Amino acid sequence: MGARDMERQALNVYRMRLLGAQVHGAETGTAVLKDAVSETFREGTRRIADTHYIIGSCTPVRIPPRARCRPHSAQLHVFCNQTVDGDVTSSHNVPPGFYDRRDVFVKIVSWMTTNRCNLKCEHCYQDASCATAGELSTDEARTMIDGIARAGFDIMIFSGGEPLMRPDIFDLVAYAAGKGLRPVFGSNGTLIDLPTAKRLKEAGACAMGISLDSTNPEEHDRFRGVEGAYDQTIAGIEACKQAGLPFQLHTTVMEWNRDQICDLTDFAAQVGAKAHYIFFLVPVGRGLNVEPEGLSVLENEELLREVMRKSKDVPVVVKPTCAPQFTRVAEQIGVPTRFTRGCLAGLTYCVVGSEGIVRPCAYMTESAGDVRQQAFDDIWENSPIFKLLRTRDYSGTCGSCDYQEKCGGCRARAAYYHNGDLLAQDDYCAYAQKLPQAQVCC
Ligand SMILES: C[S@@+](CC[C@H](N)C(=O)[O-])C[C@H]1O[C@@H](n2cnc3c(N)ncnc32)[C@H](O)[C@@H]1O
Ligand code: SF4
Ligand code: SF4
(Lines give C-alpha, C1' and ligand atoms only; values in the text may rest on other atoms or scores of the structure.)
(Ligands and ions follow the chains in the order given, each with its own letter.)
Protein backbone atom coordinates (compact mmCIF):
# COMPACT_ATOMS: atom_id res chain seq x y z
CA MET A 1 0.00 0.00 0.00
CA GLY A 2 1.37 3.42 -0.96
CA ALA A 3 1.94 6.26 1.46
CA ARG A 4 -1.12 8.14 0.20
CA ASP A 5 -3.34 5.10 0.68
CA MET A 6 -1.92 4.58 4.15
CA GLU A 7 -2.71 8.14 5.04
CA ARG A 8 -6.23 7.87 3.66
CA GLN A 9 -6.80 4.65 5.55
CA ALA A 10 -5.43 6.16 8.75
CA LEU A 11 -7.71 9.14 8.33
CA ASN A 12 -10.72 6.89 7.86
CA VAL A 13 -9.90 4.88 10.94
CA TYR A 14 -9.43 8.06 12.88
CA ARG A 15 -12.68 9.51 11.61
CA MET A 16 -14.56 6.40 12.66
CA ARG A 17 -13.00 6.55 16.11
CA LEU A 18 -13.98 10.17 16.31
CA LEU A 19 -17.54 9.09 15.75
CA GLY A 20 -17.33 6.58 18.54
CA ALA A 21 -16.77 3.38 16.59
CA GLN A 22 -14.68 0.55 17.87
CA VAL A 23 -12.41 -0.16 14.94
CA HIS A 24 -11.04 -3.67 14.97
CA GLY A 25 -10.52 -3.91 11.24
CA ALA A 26 -6.77 -3.86 11.46
CA GLU A 27 -6.69 -7.02 13.54
CA THR A 28 -9.68 -9.00 12.35
CA GLY A 29 -10.34 -7.86 8.85
CA THR A 30 -13.92 -6.95 9.72
CA ALA A 31 -15.64 -4.36 11.81
CA VAL A 32 -19.19 -3.28 12.38
CA LEU A 33 -19.63 0.47 12.25
CA LYS A 34 -23.28 0.58 13.18
CA ASP A 35 -22.79 3.04 16.01
CA ALA A 36 -20.62 5.34 13.98
CA VAL A 37 -23.05 5.46 11.12
CA SER A 38 -26.14 6.03 13.23
CA GLU A 39 -24.29 8.66 15.21
CA THR A 40 -23.35 10.46 12.03
CA PHE A 41 -26.89 10.61 10.81
CA ARG A 42 -28.38 11.47 14.17
CA GLU A 43 -26.04 14.40 14.58
CA GLY A 44 -26.64 15.49 11.00
CA THR A 45 -22.95 16.06 10.43
CA ARG A 46 -23.66 16.39 6.78
CA ARG A 47 -20.14 16.80 5.52
CA ILE A 48 -18.94 13.66 7.23
CA ALA A 49 -22.07 11.74 6.22
CA ASP A 50 -21.51 12.61 2.59
CA THR A 51 -18.00 11.32 2.59
CA HIS A 52 -18.26 8.21 4.69
CA TYR A 53 -15.86 5.63 3.42
CA ILE A 54 -15.34 2.02 4.10
CA ILE A 55 -12.07 1.57 5.85
CA GLY A 56 -9.39 -0.42 4.24
CA SER A 57 -10.63 -0.29 0.71
CA CYS A 58 -7.92 1.99 -0.51
CA THR A 59 -10.31 3.28 -3.10
CA PRO A 60 -12.93 4.97 -0.93
CA VAL A 61 -16.36 3.35 -1.21
CA ARG A 62 -19.46 5.34 -0.46
CA ILE A 63 -22.08 4.08 1.95
CA PRO A 64 -24.86 2.27 0.09
CA PRO A 65 -28.03 4.38 -0.22
CA ARG A 66 -30.00 1.82 1.79
CA ALA A 67 -27.75 2.41 4.79
CA ARG A 68 -28.21 6.15 4.40
CA CYS A 69 -31.99 5.81 4.57
CA ARG A 70 -32.01 3.55 7.58
CA PRO A 71 -29.09 4.77 9.63
CA HIS A 72 -30.07 3.09 12.85
CA SER A 73 -30.12 -0.35 11.33
CA ALA A 74 -27.14 0.14 9.07
CA GLN A 75 -24.35 -2.34 9.52
CA LEU A 76 -21.28 -1.89 7.46
CA HIS A 77 -18.66 -4.53 7.21
CA VAL A 78 -15.30 -3.00 6.93
CA PHE A 79 -12.57 -4.88 5.25
CA CYS A 80 -9.05 -4.13 6.06
CA ASN A 81 -6.44 -6.52 4.80
CA GLN A 82 -3.60 -4.18 5.57
CA THR A 83 -2.31 -3.44 9.01
CA VAL A 84 -2.93 0.10 10.10
CA ASP A 85 0.29 1.53 11.34
CA GLY A 86 -0.31 1.59 15.07
CA ASP A 87 -2.50 4.22 16.61
CA VAL A 88 -2.96 7.04 14.14
CA THR A 89 -3.59 9.41 16.98
CA SER A 90 -0.05 9.18 18.23
CA SER A 91 1.94 12.22 17.24
CA HIS A 92 4.49 10.59 14.97
CA ASN A 93 1.68 9.29 12.76
CA VAL A 94 -0.35 12.45 12.56
CA PRO A 95 0.34 13.93 9.15
CA PRO A 96 1.08 17.65 8.84
CA GLY A 97 -2.11 19.68 8.68
CA PHE A 98 -4.09 16.81 10.22
CA TYR A 99 -6.07 19.10 12.50
CA ASP A 100 -6.90 21.33 9.56
CA ARG A 101 -8.77 18.58 7.71
CA ARG A 102 -12.24 20.00 7.89
CA ASP A 103 -13.69 16.78 6.51
CA VAL A 104 -12.48 15.05 9.69
CA PHE A 105 -12.93 17.46 12.58
CA VAL A 106 -15.82 19.53 13.76
CA LYS A 107 -14.62 23.08 14.38
CA ILE A 108 -16.21 25.09 17.14
CA VAL A 109 -15.98 28.80 17.91
CA SER A 110 -17.40 30.42 20.99
CA TRP A 111 -18.27 34.11 20.88
CA MET A 112 -18.54 36.00 24.16
CA THR A 113 -21.35 38.13 22.78
CA THR A 114 -21.29 40.65 25.66
CA ASN A 115 -19.88 41.21 29.10
CA ARG A 116 -23.36 42.12 30.30
CA CYS A 117 -25.03 39.73 32.72
CA ASN A 118 -28.03 39.60 35.04
CA LEU A 119 -26.33 37.22 37.50
CA LYS A 120 -23.28 37.67 39.73
CA CYS A 121 -21.69 34.23 39.84
CA GLU A 122 -18.82 33.76 42.27
CA HIS A 123 -16.67 31.87 39.79
CA CYS A 124 -17.30 33.81 36.56
CA TYR A 125 -14.17 33.67 34.38
CA GLN A 126 -15.50 36.56 32.35
CA ASP A 127 -16.02 38.74 35.43
CA ALA A 128 -19.31 39.62 33.76
CA SER A 129 -21.51 42.48 34.93
CA CYS A 130 -22.03 45.43 32.54
CA ALA A 131 -21.43 45.73 28.81
CA THR A 132 -18.03 47.21 27.97
CA ALA A 133 -17.67 50.22 25.68
CA GLY A 134 -15.89 48.40 22.86
CA GLU A 135 -18.23 45.47 22.23
CA LEU A 136 -18.73 44.44 18.60
CA SER A 137 -21.64 46.14 16.85
CA THR A 138 -24.19 44.13 14.88
CA ASP A 139 -22.41 44.88 11.60
CA GLU A 140 -19.00 44.02 13.04
CA ALA A 141 -20.42 40.76 14.39
CA ARG A 142 -21.80 39.92 10.93
CA THR A 143 -18.36 40.53 9.37
CA MET A 144 -16.83 38.27 12.01
CA ILE A 145 -19.41 35.55 11.24
CA ASP A 146 -18.51 35.78 7.53
CA GLY A 147 -14.89 35.04 8.48
CA ILE A 148 -15.91 32.17 10.77
CA ALA A 149 -17.88 30.58 7.93
CA ARG A 150 -14.99 31.08 5.49
CA ALA A 151 -12.63 29.39 7.96
CA GLY A 152 -14.80 26.26 7.74
CA PHE A 153 -16.23 26.27 11.23
CA ASP A 154 -19.23 24.08 11.94
CA ILE A 155 -20.61 25.18 15.29
CA MET A 156 -20.86 28.69 16.72
CA ILE A 157 -21.56 29.02 20.43
CA PHE A 158 -23.22 32.27 21.49
CA SER A 159 -21.95 32.76 25.03
CA GLY A 160 -21.15 35.68 27.30
CA GLY A 161 -21.83 37.24 29.74
CA GLU A 162 -25.41 36.40 29.14
CA PRO A 163 -26.03 36.25 25.39
CA LEU A 164 -29.76 36.84 25.74
CA MET A 165 -28.99 40.34 27.01
CA ARG A 166 -27.84 41.35 23.52
CA PRO A 167 -30.87 42.84 21.75
CA ASP A 168 -29.59 41.80 18.28
CA ILE A 169 -29.04 38.17 19.30
CA PHE A 170 -31.90 36.75 17.20
CA ASP A 171 -30.68 38.54 14.05
CA LEU A 172 -27.14 37.30 14.57
CA VAL A 173 -28.25 33.72 15.20
CA ALA A 174 -30.25 33.85 11.96
CA TYR A 175 -27.27 35.33 10.15
CA ALA A 176 -24.95 32.58 11.41
CA ALA A 177 -27.47 29.87 10.47
CA GLY A 178 -27.75 31.45 7.01
CA LYS A 179 -23.98 31.04 6.64
CA GLY A 180 -24.24 27.30 7.30
CA LEU A 181 -23.12 27.40 10.94
CA ARG A 182 -24.93 25.54 13.73
CA PRO A 183 -25.77 28.23 16.29
CA VAL A 184 -25.89 26.97 19.88
CA PHE A 185 -25.90 28.80 23.22
CA GLY A 186 -24.18 28.99 26.56
CA SER A 187 -26.78 30.68 28.76
CA ASN A 188 -27.72 30.89 32.41
CA GLY A 189 -31.26 30.07 31.29
CA THR A 190 -32.95 32.70 33.44
CA LEU A 191 -34.16 34.82 30.51
CA ILE A 192 -35.72 32.06 28.41
CA ASP A 193 -39.50 32.18 28.44
CA LEU A 194 -41.61 30.32 25.89
CA PRO A 195 -41.78 33.12 23.29
CA THR A 196 -38.00 33.56 23.54
CA ALA A 197 -37.38 29.83 23.12
CA LYS A 198 -39.67 29.75 20.07
CA ARG A 199 -38.02 32.83 18.60
CA LEU A 200 -34.57 31.33 19.09
CA LYS A 201 -35.64 28.15 17.39
CA GLU A 202 -37.18 30.06 14.49
CA ALA A 203 -33.98 32.09 14.13
CA GLY A 204 -32.06 28.83 13.68
CA ALA A 205 -30.66 28.05 17.16
CA CYS A 206 -29.94 24.32 17.28
CA ALA A 207 -29.40 23.83 21.02
CA MET A 208 -29.20 25.65 24.34
CA GLY A 209 -26.54 24.98 26.97
CA ILE A 210 -28.07 25.97 30.31
CA SER A 211 -26.10 26.30 33.55
CA LEU A 212 -27.37 24.53 36.64
CA ASP A 213 -24.92 24.13 39.51
CA SER A 214 -26.95 22.43 42.20
CA THR A 215 -29.94 20.26 42.88
CA ASN A 216 -30.60 22.60 45.81
CA PRO A 217 -32.21 25.95 44.83
CA GLU A 218 -30.64 27.92 47.71
CA GLU A 219 -27.14 26.66 46.93
CA HIS A 220 -27.50 27.42 43.22
CA ASP A 221 -28.77 30.94 44.01
CA ARG A 222 -25.95 31.60 46.46
CA PHE A 223 -23.32 30.55 43.89
CA ARG A 224 -25.03 32.54 41.12
CA GLY A 225 -25.40 35.59 43.36
CA VAL A 226 -29.11 36.22 42.73
CA GLU A 227 -32.10 34.93 44.66
CA GLY A 228 -34.62 33.17 42.45
CA ALA A 229 -32.06 32.28 39.76
CA TYR A 230 -32.70 28.53 40.21
CA ASP A 231 -36.45 28.86 39.61
CA GLN A 232 -35.90 31.05 36.55
CA THR A 233 -33.40 28.57 35.11
CA ILE A 234 -35.79 25.66 35.64
CA ALA A 235 -38.48 27.74 33.89
CA GLY A 236 -35.99 28.30 31.02
CA ILE A 237 -35.45 24.55 30.72
CA GLU A 238 -39.22 24.01 30.61
CA ALA A 239 -39.59 26.68 27.92
CA CYS A 240 -36.97 24.96 25.74
CA LYS A 241 -38.77 21.65 26.17
CA GLN A 242 -42.10 23.14 25.20
CA ALA A 243 -40.63 24.91 22.19
CA GLY A 244 -38.89 21.72 21.04
CA LEU A 245 -35.51 23.42 21.34
CA PRO A 246 -32.87 20.83 22.34
CA PHE A 247 -30.85 21.67 25.43
CA GLN A 248 -28.05 20.40 27.65
CA LEU A 249 -27.05 21.24 31.21
CA HIS A 250 -23.75 22.79 32.31
CA THR A 251 -22.44 22.48 35.88
CA THR A 252 -19.28 23.98 37.32
CA VAL A 253 -17.73 21.68 39.93
CA MET A 254 -16.74 23.06 43.32
CA GLU A 255 -16.04 21.30 46.60
CA TRP A 256 -19.54 22.17 47.82
CA ASN A 257 -21.41 20.55 44.90
CA ARG A 258 -19.00 17.73 44.11
CA ASP A 259 -21.31 15.12 45.60
CA GLN A 260 -24.26 16.39 43.57
CA ILE A 261 -22.65 15.96 40.15
CA CYS A 262 -24.00 12.49 39.38
CA ASP A 263 -27.42 13.54 40.72
CA LEU A 264 -27.34 16.46 38.31
CA THR A 265 -26.54 14.02 35.49
CA ASP A 266 -29.64 12.02 36.51
CA PHE A 267 -31.59 15.26 36.63
CA ALA A 268 -30.39 16.13 33.12
CA ALA A 269 -31.66 12.77 31.89
CA GLN A 270 -34.94 13.18 33.75
CA VAL A 271 -35.72 16.61 32.24
CA GLY A 272 -34.85 15.48 28.73
CA ALA A 273 -31.47 17.17 28.25
CA LYS A 274 -29.26 15.80 25.51
CA ALA A 275 -26.08 16.13 27.55
CA HIS A 276 -24.53 17.10 30.86
CA TYR A 277 -21.29 19.07 30.52
CA ILE A 278 -19.26 19.23 33.72
CA PHE A 279 -17.00 22.29 33.93
CA PHE A 280 -13.87 22.06 36.07
CA LEU A 281 -12.97 25.36 37.66
CA VAL A 282 -10.27 27.43 35.95
CA PRO A 283 -8.85 30.18 38.19
CA VAL A 284 -9.38 33.21 35.99
CA GLY A 285 -11.65 36.24 36.42
CA ARG A 286 -13.72 35.86 39.58
CA GLY A 287 -12.73 32.17 39.50
CA LEU A 288 -9.47 33.30 41.09
CA ASN A 289 -11.31 34.27 44.28
CA VAL A 290 -12.83 30.80 44.68
CA GLU A 291 -9.82 28.76 43.62
CA PRO A 292 -9.37 27.27 47.12
CA GLU A 293 -12.92 25.88 46.86
CA GLY A 294 -12.08 23.98 43.65
CA LEU A 295 -11.09 20.31 43.64
CA SER A 296 -7.59 19.03 44.35
CA VAL A 297 -5.78 16.98 41.71
CA LEU A 298 -6.77 13.76 43.44
CA GLU A 299 -10.40 14.82 43.90
CA ASN A 300 -10.43 15.78 40.24
CA GLU A 301 -9.18 12.32 39.25
CA GLU A 302 -11.74 10.57 41.45
CA LEU A 303 -14.60 12.63 40.08
CA LEU A 304 -13.50 12.02 36.49
CA ARG A 305 -13.57 8.28 37.12
CA GLU A 306 -16.98 8.55 38.76
CA VAL A 307 -18.59 10.60 35.99
CA MET A 308 -17.08 8.53 33.18
CA ARG A 309 -18.45 5.36 34.83
CA LYS A 310 -21.77 7.11 35.26
CA SER A 311 -21.79 8.02 31.57
CA LYS A 312 -22.25 4.33 30.69
CA ASP A 313 -25.58 4.13 32.50
CA VAL A 314 -27.39 7.30 31.46
CA PRO A 315 -29.16 8.29 28.25
CA VAL A 316 -27.33 11.64 28.10
CA VAL A 317 -23.88 12.48 26.85
CA VAL A 318 -21.57 13.24 29.79
CA LYS A 319 -18.61 15.47 29.06
CA PRO A 320 -16.05 16.87 31.47
CA THR A 321 -14.93 20.28 30.19
CA CYS A 322 -11.55 21.85 30.96
CA ALA A 323 -10.38 18.52 32.36
CA PRO A 324 -8.77 16.95 29.27
CA GLN A 325 -7.54 14.06 31.40
CA PHE A 326 -11.03 12.56 31.05
CA THR A 327 -9.96 11.05 27.71
CA ARG A 328 -7.14 9.20 29.49
CA VAL A 329 -9.46 8.09 32.28
CA ALA A 330 -12.04 6.82 29.76
CA GLU A 331 -9.40 4.74 28.05
CA GLN A 332 -7.96 3.42 31.32
CA ILE A 333 -11.32 2.27 32.65
CA GLY A 334 -12.62 1.11 29.26
CA VAL A 335 -15.52 3.53 28.94
CA PRO A 336 -16.36 4.47 25.36
CA THR A 337 -16.62 8.18 24.70
CA ARG A 338 -17.26 10.00 21.46
CA PHE A 339 -14.69 12.63 22.46
CA THR A 340 -11.27 11.54 21.33
CA ARG A 341 -9.28 14.60 22.23
CA GLY A 342 -9.16 16.50 25.52
CA CYS A 343 -7.87 20.04 25.02
CA LEU A 344 -8.98 21.48 21.67
CA ALA A 345 -7.70 25.04 22.16
CA GLY A 346 -6.31 26.37 18.90
CA LEU A 347 -6.65 22.98 17.16
CA THR A 348 -10.35 22.82 16.42
CA TYR A 349 -11.62 25.44 18.86
CA CYS A 350 -11.17 29.09 19.70
CA VAL A 351 -13.09 31.98 21.22
CA VAL A 352 -13.78 35.55 20.23
CA GLY A 353 -14.17 38.02 23.09
CA SER A 354 -16.97 40.58 23.24
CA GLU A 355 -14.58 43.21 21.88
CA GLY A 356 -13.39 41.04 19.00
CA ILE A 357 -10.16 39.62 20.42
CA VAL A 358 -9.56 36.03 19.29
CA ARG A 359 -8.03 33.64 21.83
CA PRO A 360 -7.38 29.88 21.88
CA CYS A 361 -9.87 29.41 24.71
CA ALA A 362 -11.94 31.45 27.11
CA TYR A 363 -9.45 30.97 29.93
CA MET A 364 -6.39 32.18 28.04
CA THR A 365 -5.41 35.80 27.99
CA GLU A 366 -3.07 35.64 24.98
CA SER A 367 -4.51 37.37 21.92
CA ALA A 368 -4.34 35.64 18.55
CA GLY A 369 -5.67 38.71 16.77
CA ASP A 370 -8.45 41.29 16.60
CA VAL A 371 -11.36 40.78 14.18
CA ARG A 372 -11.64 44.56 13.79
CA GLN A 373 -8.11 44.62 12.33
CA GLN A 374 -7.84 41.26 10.59
CA ALA A 375 -10.37 38.81 9.12
CA PHE A 376 -11.23 35.93 11.43
CA ASP A 377 -10.18 33.29 8.87
CA ASP A 378 -6.81 34.96 8.46
CA ILE A 379 -6.29 34.95 12.23
CA TRP A 380 -7.36 31.30 12.46
CA GLU A 381 -4.95 30.25 9.72
CA ASN A 382 -1.98 32.41 10.52
CA SER A 383 -1.84 33.50 14.13
CA PRO A 384 1.51 32.55 15.71
CA ILE A 385 -0.30 31.39 18.86
CA PHE A 386 -2.46 28.93 16.95
CA LYS A 387 0.55 27.74 14.98
CA LEU A 388 2.43 27.18 18.24
CA LEU A 389 -0.43 25.21 19.79
CA ARG A 390 -0.75 23.12 16.63
CA THR A 391 2.83 21.89 17.01
CA ARG A 392 1.60 20.02 20.13
CA ASP A 393 5.24 20.01 21.12
CA TYR A 394 4.57 19.88 24.84
CA SER A 395 7.22 19.95 27.51
CA GLY A 396 7.48 18.47 30.99
CA THR A 397 5.19 15.63 31.97
CA CYS A 398 2.77 16.29 29.10
CA GLY A 399 5.67 16.07 26.62
CA SER A 400 6.60 12.56 27.72
CA CYS A 401 3.09 11.32 28.45
CA ASP A 402 1.63 8.25 26.72
CA TYR A 403 -1.69 10.06 26.45
CA GLN A 404 -0.49 13.37 25.06
CA GLU A 405 -2.36 13.15 21.74
CA LYS A 406 -5.57 12.04 23.39
CA CYS A 407 -5.41 14.47 26.28
CA GLY A 408 -3.07 17.34 25.48
CA GLY A 409 -3.29 18.74 29.00
CA CYS A 410 -5.17 21.93 29.74
CA ARG A 411 -3.22 24.57 27.81
CA ALA A 412 -4.79 27.39 29.83
CA ARG A 413 -3.75 25.89 33.17
CA ALA A 414 -0.30 25.07 31.74
CA ALA A 415 0.19 28.70 30.71
CA TYR A 416 -1.30 30.06 33.90
CA TYR A 417 1.01 28.11 36.19
CA HIS A 418 4.12 28.33 33.94
CA ASN A 419 4.55 32.03 33.15
CA GLY A 420 2.43 31.99 30.01
CA ASP A 421 4.16 28.95 28.44
CA LEU A 422 1.35 27.46 26.36
CA LEU A 423 3.18 24.19 25.79
CA ALA A 424 4.20 23.59 29.41
CA GLN A 425 2.95 20.64 31.46
CA ASP A 426 -0.51 20.73 33.01
CA ASP A 427 0.13 20.27 36.72
CA TYR A 428 -3.50 19.47 37.37
CA CYS A 429 -2.94 15.83 36.39
CA ALA A 430 -2.90 12.89 38.78
CA TYR A 431 -1.30 10.64 36.17
CA ALA A 432 1.62 13.00 35.73
CA GLN A 433 1.96 13.28 39.50
CA LYS A 434 2.09 9.47 39.60
CA LEU A 435 -0.71 9.28 42.14
CA PRO A 436 -1.55 5.57 42.53
CA GLN A 437 -5.27 6.25 41.96
CA ALA A 438 -4.51 7.48 38.42
CA GLN A 439 -2.48 4.47 37.34
CA VAL A 440 -5.20 1.85 37.85
CA CYS A 441 -7.15 0.67 34.86
CA CYS A 442 -10.49 -0.20 36.39
C1 LIG B 1 -19.13 32.27 31.40
S2 LIG B 1 -20.60 31.36 31.24
C3 LIG B 1 -21.40 32.25 29.94
C4 LIG B 1 -22.77 31.74 29.64
C5 LIG B 1 -23.83 31.99 30.69
N6 LIG B 1 -23.81 33.28 31.25
C7 LIG B 1 -23.78 30.91 31.78
O8 LIG B 1 -23.54 31.21 32.93
O9 LIG B 1 -24.01 29.77 31.41
C10 LIG B 1 -20.23 29.77 30.47
C11 LIG B 1 -20.06 28.60 31.44
O12 LIG B 1 -18.78 28.70 32.05
C13 LIG B 1 -18.90 28.39 33.42
N14 LIG B 1 -17.83 29.08 34.11
C15 LIG B 1 -17.77 30.37 34.45
N16 LIG B 1 -16.63 30.66 35.06
C17 LIG B 1 -15.91 29.52 35.12
C18 LIG B 1 -14.63 29.19 35.64
N19 LIG B 1 -13.85 30.08 36.25
N20 LIG B 1 -14.21 27.91 35.50
C21 LIG B 1 -14.99 26.98 34.89
N22 LIG B 1 -16.21 27.25 34.38
C23 LIG B 1 -16.67 28.51 34.50
C24 LIG B 1 -20.28 28.91 33.77
O25 LIG B 1 -20.77 28.32 34.97
C26 LIG B 1 -21.08 28.52 32.56
O27 LIG B 1 -21.58 27.20 32.67
S1 SF4 C 1 -21.07 32.60 34.81
FE2 SF4 C 1 -22.58 33.29 33.29
S3 SF4 C 1 -24.38 33.87 34.49
FE4 SF4 C 1 -22.68 33.81 35.87
S5 SF4 C 1 -21.92 35.94 35.97
FE6 SF4 C 1 -20.69 34.80 34.44
S7 SF4 C 1 -21.69 35.20 32.52
FE8 SF4 C 1 -23.17 35.71 34.13
S1 SF4 D 1 0.52 14.41 31.63
FE2 SF4 D 1 -0.48 15.94 30.33
S3 SF4 D 1 -1.02 14.80 28.45
FE4 SF4 D 1 -0.65 13.27 30.08
S5 SF4 D 1 -2.65 12.81 31.03
FE6 SF4 D 1 -1.66 14.49 32.21
S7 SF4 D 1 -2.40 16.43 31.33
FE8 SF4 D 1 -2.84 14.78 29.86
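Is aspartate 127 buried, exposed or partly exposed? Aspartate 127 counts as partly exposed, because 14 C-beta neighbours sit inside 10 Å. The cut-offs are 20 or more other C-beta atoms within 10 Å for buried, 12 or fewer for exposed, and partly exposed in between, with C-beta atoms placed from the backbone.

Some ground rules: this is a predicted model, where local features need pLDDT of at least 70, side-chain atom pairs count only at pLDDT 80 or more, and totals for chains, interfaces and linings use all residues. Residues are numbered from 1 along each chain as its sequence is written, while chains are lettered from A and ligands numbered from 1 in the order in which they are written.

Most residues other than glycine have a negative phi, and most peptide bonds are trans.

Helices (H or I, at least four residues) and strands (E, at least two) are DSSP runs, numbered from the N terminus. Asparagine 419 is exposed, since 7 other C-beta atoms lie within 10 Å. Then there's a cis peptide bond from glycine 160 to glycine 161, with omega near 20°. Glycine 161 sits in the loop between strand E2 (155-159) and helix H7 (169-178).

**Ligand surroundings**

That glycine pair turns up again around ligand 2, whose neighbours include Gly160, Gly161, Cys117, Cys121, Cys124 and Arg224. A residue is near a molecule if its C-beta atom, placed from the backbone, lies within 6 Å of it. Sorted by class, ligand 2's shell has 5 nonpolar, 4 polar and 3 charged residues. Here Ala, Val, Leu, Ile, Met, Phe, Trp, Tyr, Cys and Pro count as nonpolar, Asp, Glu, Lys and Arg as charged, and the others, Gly among them, as polar.

Ligand 3 has 15 residues around it, and the closest are Cys398, Cys401, Cys407, Gly409 and Cys429. Its shell splits into 8 nonpolar, 5 polar and 2 charged.

**A helix pair**

The axes of helix H8 (residues 194-203) and helix H10 (residues 229-243) come within 8 Å and cross at roughly 50°. So H8 is oblique to H10; angles under 35 degrees count as roughly parallel, over 145 as roughly antiparallel, 65 to 115 as roughly perpendicular and the rest as oblique. Axes are lines fitted to C-alpha atoms, for helices over the stretch in contact, and angles run from 0 to 180 degrees between N-to-C directions.
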